[in-house]
Amino acid sequence: SASSSSSAGPDISQASMTQPQQGGINLEDLMGGAFGGGGGGGHHGGGGRGGDEELPQEEEEEEVDLYERLGIQPEATDREIKSAYRKLSVQLHPDKNPDGSTLGRFREVTEAYEILADKERRVLYDFGGIGAARKGAQEQEGGGSPFDMFFGGGGGREQSNRGRNTEIDLPVTLEDLYMGNEKSATIKRRIVCRNCKKKPNVPRCQGCGACPKEKKMVHRRAGPGMIVQQEVMVESKEKCKREEKSLKATIEKGMPDSEQITFKYESEQKPGQIPGDVVFKLKPVAHKFFKRSRETLSMKMAIPLRAALLGFETSFTHLDGHTVTIKRSGVTKPGQSIRIKGEGMPKHGVSSEFGDLVITFTVDFPPTLDAELAAGLEQLLPPAGPSDIRIG
C-alpha cells in the first residue's frame with residue numbers, strides 16, 4: 001500500500017529508502033528529459049504554410065478554484081472535503097435563507113463538493129481544469145467513466161493525455177518482508193500551480209514559473225470550404241514549479257519479491273495532462289544466511305564431523321528475533337536436508353500462516369589426523385575394503 005505527503009524533506013519512518021542522489025529522487029532525470037513524458041517542443045503539422053488561415057479559437061477557460069470555494073487547501077483529504085461541505089451547506093442552505101441570498105453560493109459549494117468528492121473527477125479538475133471536470137460529469141451521466149472524455153473513450157483508450165509512469169527500485173531487506181515495515185523516500189517533481197494565474201501572491205503560488213509547452217488542437221482553414229484540425233505545441237498559460245514530495249510505502253508481511261507499490265498520479269505534472277504514477281519496485285537485498293523462494297526459506301548449516309556422527313543440538317536467531325532450536329541424533333550426511341514446518345516466510349495476505357524452512361547440512365572434516373587419532377579410528381571404525389569404494 002502507499003501514502004504520500006508534500007514536504008520539504010523525507011518523511012522519517014522505521015526505515016528510509018536508499019537515495020541515489022542527495023536531496024531526493026529527481027523524476028525528471030529518471031524520465032529522460034525535461035518534459036517528463038508529456039512531449040517536448042516542436043510543431044506538429046504544417047500550420048501557417050501555403051496560405052493556411054488559423055480560425056479563431058475557443059476563449060480561454062474561466063479560472064475556478066473549487067478548493068477556495070470550500071475554504072480548504074488543494075492537499076485536503078476526503079474527510080476534510082466532506083467536513084467543509086457539511087458546514088457550508090448547512091449555513092447556505094435555502095431553507096435557512098428563504099430570501100434566496102445564498103442560493104448562488106450554495107450551488108457553487110455543491111458543485112465543488114460533487115467534483116472534489118469524486119476521485120476521478122477530482123483528478124480531472126486538478127490537471128484539466130473546471131471544464132474537464134464538468135465534461136467528466138457528462139460522461140458519468142451517459143454511463144461512462146469521467147476519463148473517457150480525457151482519453152478519447154472507447155475500448156482502446158488513447159494515452160496521449162496521460163503522462164508516463166516513473167519506476168523506482170525500492171531496496172528491501174528480508175527482515176522487511178518477514179515482519180513488515182514502512183519505507184519513505186523523497187522525490188523531486190514538477191507540479192502545476194493550479195489557479196495561480198490571477199493570484200501570484202498566494203503562498204502556494206509563490207515560486208511558480210513557466211510550464212513546458214502544451215499540445216493543442218486547432219482548426220485551420222486550408223482552402224475554400226476546407227477546415228482541418230491540427231495538433232500544435234503552444235506556450236502554456238499555466239504556471240509550474242518543482243517541489244519535493246515524501247512518499248511512504250507500506251511493506252506488507254510476506255510481500256512477493258517482485259511486488260510493485262503504486263502511487264497514483266504522483267509523477268511529473270504538465271498542464272492538460274493526467275500525471276502518470278510513481279511505481280516502487282521491490283528489490284530484495286541478499287541476506288547473510290537465508291534465501292527465499294516464495295514462502296520457503298532455505299539456509300546452510302556447517303557441522304563438525306563429531307556432530308555429524310553422534311548428533312547435536314544447536315539454535316539460531318530467526319529474522320524477527322525468535323529462537324529456532326535444532327536437535328538431531330544419529331548420523332547426518334553431507335548434503336542432507338531437513339524441513340521445519342512453519343519457520344518459513346509469512347504468507348502474503350494471511351500473515352498468521354507460514355511456509356517452511358529448509359536447512360541443508362555440510363560437514364566440516366578435520367584438515368589432518370595425527371597418528372594417535374588415526375590409530376584410534378582404525379580400532380573404532382569397521383574395516384573398508386575395495387568393495388566398499390564405489391564409483392558414480
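Select helix H3 (residues 78–92) together with helix H4 (residues 103–116) and look down on their crossing, which is left-handed, meaning that the near helix is turned anticlockwise from the far one by less than a right angle. In this predicted model, local features need pLDDT of at least 70 and side-chain atom pairs count only at pLDDT 80 or more, whereas totals for chains, interfaces and linings use all residues. Residues are numbered from 1 along each chain as its sequence is written, and side-chain values use heavy atoms, with hydrogens and water left out.

The axes of H3 and H4 lie 10 Å apart and the helices pack at an angle of about 160 degrees; axes are lines fitted to C-alpha atoms, for helices over the stretch in contact, and angles run from 0 to 180 degrees between N-to-C directions. H3 and H4 are therefore roughly antiparallel, a term for angles over 145 degrees. Show side chains next: the contact (heavy atoms within 4.5 Å) is made on H3 by Ile81, Lys82, Tyr85, Leu88, Ser89 and Leu92, and on H4 by Arg105, Phe106, Val109, Thr110, Tyr113 and Leu116.

Now move to the open sheet of three strands, which has the order E5-E12-E11 and mixed pairing; strands are DSSP runs of at least two residues, helices (H or I) of at least four, both numbered from the N terminus, and two strands pair if DSSP finds at least two bridges between them. Strand E5 (166–172) and strand E11 (260–263) stand at the edges with a single partner strand each, so one side of each has no neighbour in the sheet. From one strand to the next, the twist averages 25 degrees. Select E11 with strand E12 (residues 278–284) to see them pair in the antiparallel sense over four bridges, and there find Thr262, whose bridge partner in E12 is Val279.

Then centre on Lys347, in strand E18 (residues 346–347). Lys347 counts as partly exposed because its relative accessibility is 26%, the class between buried (under 20% relative accessible area) and exposed (over 50%), with a 1.4 Å probe and protein chains only. Leaving aside residues up to four places away in sequence, Lys347 touches Lys253, Glu295, Glu353 and Phe354.

Finally, zoom out to the whole chain, which has nine helices and 20 strands, and in which buried residues make up 38% of the 392 residues. Of the contacts with a separation of 6 or more, 67% join residues 24 or more positions apart.

Technical notes: Parallel < 35°, antiparallel > 145°, perpendicular 65-115°, else oblique.
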